[in-house]
Amino acid sequence: QVQLVESGGGLVQPGGSLRLSCAASGSIFSINSMGWYRQAPGKQRELVARITNDGSTNYADSVKGRFIISRDNAKNTAYLQLDSLKPEDTAVYYCKLNGRRRSWDPRLDYWGQGTQVTVSS
């Protein structure tokens with residue numbers, strides 16, 4: 001099994017910052033990409049940022065210039081630095097890993113349990 005554990009969420013004032021972490025553990029042969037998604041109440045889950053095995057990144061337009069995704073390959077951990085937070089960033093943030101458990105397995109998506117980010121004064 002592959003387990004993803006997110007941490008770092010919380011309550012922050014507008015303009016504030018948070019740093020989310022996503023640690024992957026378990027049977028992992030290779031990781032193709034790791035990403036952060038978010039889901040606000042009544043809305044669909046959306047991609048926030050994604051980083052591939054070679055370090056390429058892509059971001060949702062709404063967070064470009066404010067959020068930065070990074071990855072520590074040795075620790076199988078992804079991070080999301082959230083700066084200049086806005087009330088509309090309030091959501092549950094989920095980590096997703098795309099990878100193989102064993103060399104002969106297909107690439108699959110694995111999800112964490114989510115961490116709440118609330119931006120409010």
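The model is predicted, with local features needing pLDDT of at least 70 and side-chain atom pairs counting only at pLDDT 80 or more, while totals for chains, interfaces and linings use all residues. Residues are numbered from 1 along each chain as its sequence is written, and side-chain values use heavy atoms, leaving out hydrogens and water.

**Exercise 1.** Find out how the rings of Tyr37 and Trp111 are arranged.

*Step 1.* Start with the centres: they lie 5.0 Å apart, and rings of Phe, Tyr and Trp (its six-membered ring) pair if their centres lie within 6.5 Å.

*Step 2.* Now take the planes, which stand at 65 degrees, so the pair is edge-to-face (under 30 degrees counts as stacked, over 60 as edge-to-face, the rest as tilted).

*Step 3.* Compare burial: Tyr37 is buried at 15% relative accessible area, whereas Trp111 is partly exposed at 38% (buried is under 20%, exposed over 50%, partly exposed in between, with a 1.4 Å probe and protein chains only).

**Exercise 2.** Work out which rings have Arg45 over them.

*Step 1.* Arg45 lies over the face of Tyr94, 3.7 Å from the ring centre.

*Step 2.* Its charged end also sits over the ring of Trp111, at 4.7 Å from the centre (NZ of Lys or CZ of Arg must be within 6 Å of the ring centre and within 35 degrees of the ring normal).

**Exercise 3.** Decide whether Asn98 is buried or exposed.

*Solution.* Its relative accessibility is 13%, and Asn98 counts as buried.
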